[in-house]
Amino acid sequence: MGGTFQQIADRVLAGTPATPEDALAVLRAPDDELMSVVAAAAELRRAHFGNTVKVNYLVNLKSGLCPENCNYCSQALGSSAPILKYSWLSPEEALEQAGAGLGGGASRVCLVASGRGPSDRDVDKVTSIVGELKEKHPGVEVCACLGLLGEGQAEQLERAGVDAYNHNINTAESNHENIVQTHTYDDRVDTVQKAKSAGISPCSGLIAGLGETDEQLVEALFALKELDADSIPVNYLMPFEGTAFENTWELTPARCVKILAMARFVCPDKEVRIAGGREMHLRSLQSIALHVANSIFLGDYLTSEGQDAEADLAMIRDNGFVVLGSEEELAQRDHRDPAIRRRGAGTDLLPNA
Ligand code: SF4
């Protein structure tokens with residue numbers, strides 16, 4: 001269809017989904033049109049999420065030593081990146097770590113464990129942590145990210161109160177075998193679908209900068225739309241030394257913003273999260289990216305350090321946003337427009353008495 005970015009946004013707001021051609025146009029926008037792209041995407045962001053930013057906090061329950069060979073991952077056995085390696089955190093330590101994130105303003109805790117997928121005993125471990133976490137922090141949202149799920153495991157997590165399950169498709173199906181050889185794209189999709197069928201909110205996203213073409217990025221995004229992922233983490237490859245992708249630098253800050261904008265155009269009402277690589281790749285455009293995405297991770301990532309949590313929160317405030325679920329945001333909710341009376345006197349409905 002084409003048109004200016006504002007015209008595409010207007011069409012999307014009016015209910016006509018963005019096409020792959022629209023997405024490609026956003027991705028290929030010249031840098032001198034970056035702010036037009038951002039302004040149009042920001043309108044979609046505001047229409048669905050107002051001035052809120054969802055803050056998520058990662059807890060790496062088990063780090064490194066993964067038998068899979070995801071070529072980008074510092075936790076794969078084949079990686080010699082000098083990351084922290086440890087087996088399961090004790091439940092006490094997991095709760096302490098999660099509590100720190102919640103204290104910092106996060107409303108969702110993401111409990112992550114490296115590995116191909118969890119054993120039933122692993123799922124038991126996670127469900128008991130989730131139970132304690134929810135008891136201690138009522139209202140917390142919990143996302144689990146444990147790899148490929150076996151039969152019945154999603155249901156068990158759902159019964160334990162897990163709200164969301166993350167499993168990224170990472171890249172386009174047509175690029176998948178270039179980034180991992182020990183499992184397939186279909187394996188990944190199957191796990192996202194298992195979570196969804198069990199009634200858990202599917203969280204699935206991508207990693208940009210893995211040698212994919214523009215068309216493959218568009219392909220990946222439309223696949224996520226098709227999968228109906230409720231939240232879409234957009235990661236930018238962090239080329240750890242000692243991984244197959246070391247020294248792979250394909251991204252510029254402007255391209256990183258355009259990738260987020262493309263996600264916003266294609267999935268306007270989904271949580272688009274700036275994930276790993278935010279500081280390294282967006283650099284001074286982090287703030288601008290917040291006008292397109294509506295969600296970030298607070299503080300550190302799984303195996304790398306992020307900027308100070310205080311700086312994350314200051315960036316949110318400085319840009320006129322509020323943390324979703326914070327006192328400020330709740331007060332803002334109280335100050336929404338008066339609800340017009342449509343019951344009682346003058347209507348056929350019973351009065352509120
Ligand atoms: S399965 Fe997960 S932890 Fe293991 S190598 Fe792949 S991305 Fe890394």
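Two residues count as touching here if their C-beta atoms, placed from the backbone, lie within 7 Å. By that rule, Cys73 touches Ser79 and Thr243, leaving aside residues up to four places away in sequence. Welcome to this predicted model; the points below walk through its annotated sites, its central strand and its nonpolar core.

**The annotated domain**
- UniProt, in an unreviewed entry, lists residues 51-278 as "domain: Radical SAM core".

**A first group of cysteines**
- The unreviewed UniProt entry places the feature "binding site" at Cys66, Cys70 and Cys73.
- Cys66 sits in the loop between β1 and α4, and the loop between β1 and α4 is also where Cys73 lies.
- Cys66 is buried, with 22 other C-beta atoms within 10 Å.
- Among the residues that Cys66 touches are Gln75, Ala76 and Ser114, again not counting those up to four places away in sequence.
- Cys73 is buried too, with 27 other C-beta atoms within 10 Å.

**A second annotated site**
- The feature "binding site" is also placed by UniProt (unreviewed entry) at Cys110, Cys143, Cys203 and Arg273.
- These residues span 164 residues in sequence, yet no two of their C-alpha atoms are more than 13.8 Å apart, so they gather at one spot.
- Cys110 belongs to strand β2 and counts as buried, with 23 C-beta neighbours inside 10 Å.
- Beyond four places in sequence, the contacts of Cys110 include Asn56, Tyr57, Cys143 and Asn166.
- Cys203 is part of strand β5 (residues 201-203) and is buried, with 27 other C-beta atoms within 10 Å.
- Cys203 touches Cys143 and Asn166, among others, when residues up to four places away in sequence are left out.

- Six of the six residues of strand β2 (residues 108-113) are buried, so β2 is largely enclosed by the rest of the structure.
- In a regular strand, side chains alternate between the two faces of the sheet.
- Both faces of β2 are covered, with buried Arg108, Cys110 and Val112 on one side and buried Val109, Leu111 and Ala113 on the other.
- Strand β1 (residues 52-62) pairs with β2 in the parallel sense over six bridges, and Tyr57 stands opposite Val109 in β2.
- From β1 the chain crosses through helix α4 (residues 91-103) to β2, in a right-handed β-α-β crossover.
- Strand β3 (residues 141-145) runs parallel to β2 and is joined to it by five bridges, with Val109 opposite Val142 in β3.
- The chain passes from β2 through helix α5 (residues 120-136) to β3, and this β-α-β crossover is right-handed.

- In soluble globular proteins, nonpolar side chains tend to be buried together.
- The largest nonpolar core has 104 residues, of which Val109, Leu111, Leu260 and Phe265 touch the most other members.
- Helix α9 (residues 253-266) gives the most to this core, with nine residues.
- Helix α9 is mostly covered, as 12 of its 14 residues are buried, including Cys256, Leu260 and Phe265.
- From its first C-alpha to its last, α9 reaches 20 Å, close to the 20 Å expected at 1.5 Å a residue.
- Leu260 touches Val234, Val272, Ile274, Ala289, Val292 and Ala293, not counting residues up to four places away in sequence.

Conventions: Residues are numbered from 1 along each chain as its sequence is written. This is a predicted model: local features need pLDDT of at least 70, side-chain atom pairs count only at pLDDT 80 or more; totals for chains, interfaces and linings use all residues. A nonpolar core is a set of buried Ala, Val, Leu, Ile, Met, Phe, Trp, Tyr and Cys residues joined through C-beta atoms within 7 Å. A residue is buried if 20 or more other C-beta atoms lie within 10 Å of its own, exposed if 12 or fewer, and partly exposed in between; C-beta atoms are placed from the backbone. Helices (H or I, at least four residues) and strands (E, at least two) are DSSP runs, numbered from the N terminus. Two strands pair if DSSP finds at least two bridges between them. A crossover is right-handed if, with the strands pointing away from the viewer, the path from the first strand over the helix to the second runs clockwise. UniProt positions are given in the numbering used here, feature names are shortened, and annotations may be inferred rather than shown by experiment. The expected span of a helix is 1.5 Å times one less than its number of residues.
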